[in-house]
Amino acid sequence: MTTELRYLDFDYSEDTEGHGTFDAMASTTPDKTPEVQAEIAQVLDWAEATFPHARGALDEGATWDYDLQQTHDENPRFDTLTLSLGGTADFCAALRAQFALG
């Protein structure tokens, strides 16, 4: 069963080591920020549950890792969350299947 994402739209890239990276950015009004944060938490909770204790630097042998950034713009008032989620080929395949990523 796949999980539908409303706010996160991932772009995929791959490095020469065979590691993939999914990058997503969501800019919303502050009242929607908790919904975006919940969606990010859902993805990260899935990653930890599916590949437990496997997060860390990919170049040191870990299976997956992520970077999360949040910025606040005042004019106009928007919050932007940026998630980069990278991993091995197996991790990327599982992530694609779980969240129906192209």
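Biologist: Let's start with one glycine: in which strand does Gly 86 lie?
Modeller: This is a predicted model, where local features need pLDDT of at least 70, side-chain atom pairs count only at pLDDT 80 or more, and totals for chains, interfaces and linings use all residues. Residues are numbered from 1 along each chain as its sequence is written, and side-chain values use heavy atoms, leaving out hydrogens and water. Helices (H or I, at least four residues) and strands (E, at least two) are DSSP runs numbered from the N terminus. On that basis, the strand holding Gly 86 is β4.

Biologist: Is Gly 86 buried or exposed?
Modeller: A residue is buried under 20% relative accessible area, exposed over 50% and partly exposed in between, using a 1.4 Å probe and protein chains only. Gly 86 has a relative accessible area of 8%, so Gly 86 is buried.

Biologist: How many Å separate the C-alpha atoms of Gly 86 and Thr 21?
Modeller: Contact means heavy atoms within 4.5 Å, and Thr 21 is among the residues that Gly 86 touches, not counting residues up to four places away in sequence. These two residues are 65 apart along the chain, yet the separation of their C-alpha atoms is 4.1 Å.

Biologist: Which strands stand at the edges of the sheet?
Modeller: Strands of a sheet pair through backbone hydrogen bonds, either parallel or antiparallel. Two strands count as paired if DSSP finds at least two bridges between them, and here 4 strands make an open, antiparallel sheet in the order β1-β2-β4-β3. Two of them have a single partner strand each, so one side of each is left without a neighbour in the sheet: β1 (11-14) and β3.

Biologist: Which residue of β4 stands opposite Gln 70?
Modeller: The antiparallel strands β3 and β4 are joined by 10 bridges. Opposite Gln 70 we find Leu 81.

Biologist: What angle does the direction of α1 make with that of β4?
Modeller: Axes are lines fitted to C-alpha atoms, for helices over the stretch in contact, and angles run from 0 to 180 degrees between N-to-C directions. Helix α1 packs on the sheet, where it touches β2, β3 and β4, and its angle with β4 is about 10°.

Biologist: How wide an arc do the buried residues of α1 cover around the axis?
Modeller: Thr 33, Val 36, Glu 39, Ile 40, Val 43, Leu 44, Trp 46 and Ala 47 are buried in α1. The arc is that of the directions from the helix axis to the C-beta atoms. These residues are on the same side of α1, because their arc is only 155°.

Biologist: Which exposed residues sit on the face of α1 turned away from its buried side?
Modeller: The buried residues pack against β2 (20-28), β3 (64-73), β4 (78-87) and α2 (89-99). The face turned away carries Asp 45 and Ala 49.
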